[in-house]
Amino acid sequence: MILTRAHCLRTARGAISPIRASPAISSTARALLQRGYASDSSAPSFDDVNFSKKTDTEIAKQKLYSLTKDGQWKLLPAKNGIDRSYYFQDYKGAWRFMNSVAAEAITRNHHPEWSNFCNHVYVRWTTHRPAGLSMEDLDLALVCEKLAAEHEFAPVAQLGIQPEVMRAFRDSSFECHSGVSFKKIWTRVGRFADDAIAHDAYRLWSNVYNKLYVSTQTWREGDPPVRAFVYDDKMGFEVLKDLADKAAGLK
């Protein structure tokens with residue numbers, strides 16, 4: 001199903017059923033988290049993680065462990081957030097996933113720093129006020145895991161970075177769009193998604209709250225850089241992370 005801008009807006013207003021975060025974790029859930037975390041002797045202490053203020057660090061560590069134990073989600077170098085990449089069968093699968101995550105972000109008023117190209121999606125969760133890794137970040141990372149499974153998440157082989165392909169994307173020029181809110185920016189992303197699906201022409205883009213970077217160049221599925229990007233998860237991660245850094249003002 002092609003997702004139009006109207007569908008994007010309907011979804012953002014709650015057409016899907018948001019996964020609500022409970023304000024307090026039940027004693028049963030707390031016990032299950034503690035059991036999994038405590039039973040693994042190799043589990044890190046996470047004592048050096050920069051959690052945001054007023055975070056229940058005991059529960060946060062247990063959720064962090066559940067997300068990072070298989071190596072997919074990783075702590076950022078500054079230990080103030082987590083990130084990972086997802087790879088889907090095609091762009092439509094990636095777009096359905098992003099649209100569902102965007103609806104959750106709008107509902108919860110907590111937004112990802114993320115990038116996309118073709119079937120690759122890079123997602124980073126961190127909190128700016130108060131700064132650090134928050135319970136909202138961890139809860140929405142868990143939501144991402146659920147939604148990715150629903151939208152045909154498909155691991156691909158790690159082939160290694162190809163420098164010439166990296167240059168093809170890093171040397172691209174970008175337009176910067178700013179909006180009053182994440183919701184407004186996401187409407188603009190929907191227009192690019194419509195165009196990509198209609199014309200099989202993909203742009204490299206990144207969104208951090210109300211700022212959107214979009215490549216002026218488009219690539220088609222059969223172009224050599226796209227084929228390399230689609231089948232190389234390491235390169236995809238590096239390119240999309242770099243762009244998210246730029247959008248976040250880190251580069």
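Okay, one definition before anything else: when I say contact, I mean heavy atoms within 4.5 Å. Keep in mind that this is a predicted model, where local features need pLDDT of at least 70, side-chain atom pairs count only at pLDDT 80 or more, and totals for chains, interfaces and linings use all residues. Residues are numbered from 1 along each chain as its sequence is written, and side-chain values use heavy atoms, with hydrogens and water left out.

So, the overview. The protein chain has nine helices and ten strands; helices are DSSP runs of H or I with at least four residues, strands are E runs of at least two, and both are numbered from the N terminus. Of its 251 residues, 48% count as buried, and buried here is under 20% relative accessible area, exposed is over 50%, partly exposed is in between, using a 1.4 Å probe and protein chains only. If you take the contacts with a separation of 6 or more, 73% come from residues 24 or more positions apart.

Now the helix pairs. Two packed helices are described by the angle between their axes and the distance between the axes. The axes are lines fitted to C-alpha atoms, for helices over the stretch in contact, with angles from 0 to 180 degrees between N-to-C directions.

Take α6, residues 163–170, and α9, residues 233–247: they pack at about 25°, axes 11 Å apart. That makes α6 roughly parallel to α9, given that roughly parallel is under 35 degrees, roughly antiparallel over 145, roughly perpendicular 65 to 115, and the rest oblique. Which residues in α6 and α9 meet? From α6 we have Val-165, Met-166, Phe-169 and Arg-170, and from α9 Met-235, Glu-238, Val-239 and Asp-242. By class, that contact is five nonpolar, no polar and three charged. For the classes, Ala, Val, Leu, Ile, Met, Phe, Trp, Tyr, Cys and Pro are nonpolar, Asp, Glu, Lys and Arg are charged, and the others, Gly among them, are polar.

Next, α3 (residues 57–68) and α5 (residues 135–150). Their axes come within 10 Å and cross at roughly 30°, so these two are roughly parallel to each other as well. Among the residues that meet are Ile-59, Leu-64 and Leu-67 in α3, and Leu-138, Leu-142 and Glu-145 in α5. The contact of α3 with α5 has eight nonpolar, one polar and three charged residues.

Over to the strands, and β9, residues 211–215. Is β9 largely enclosed or open? Four of its five residues are buried, so β9 is largely enclosed by the rest of the structure. Strands pair if DSSP finds at least two bridges between them. β9 pairs antiparallel with β6 (residues 174–178) over five bridges, and antiparallel with β8 (residues 205–208) over four. Lys-211 in β9 is the bridge partner of Ser-178, and Val-208 stands opposite Lys-211 too. The hairpin of β8 and β9 has two residues between the strands, and Tyr-209 there takes a positive phi near 50°.

Last, two single residues. Gly-190 is in helix α7, residues 182–199, and is buried at 1% relative accessible area. Its C-alpha is 8.6 Å from that of Asn-99, 91 residues apart in sequence. Ala-201, in strand β7 (residues 201–202), counts as buried at 8% relative accessibility. Leaving aside neighbours within four places in sequence, Ala-201 is in contact with Ala-196, Thr-218, Trp-219 and Arg-220.
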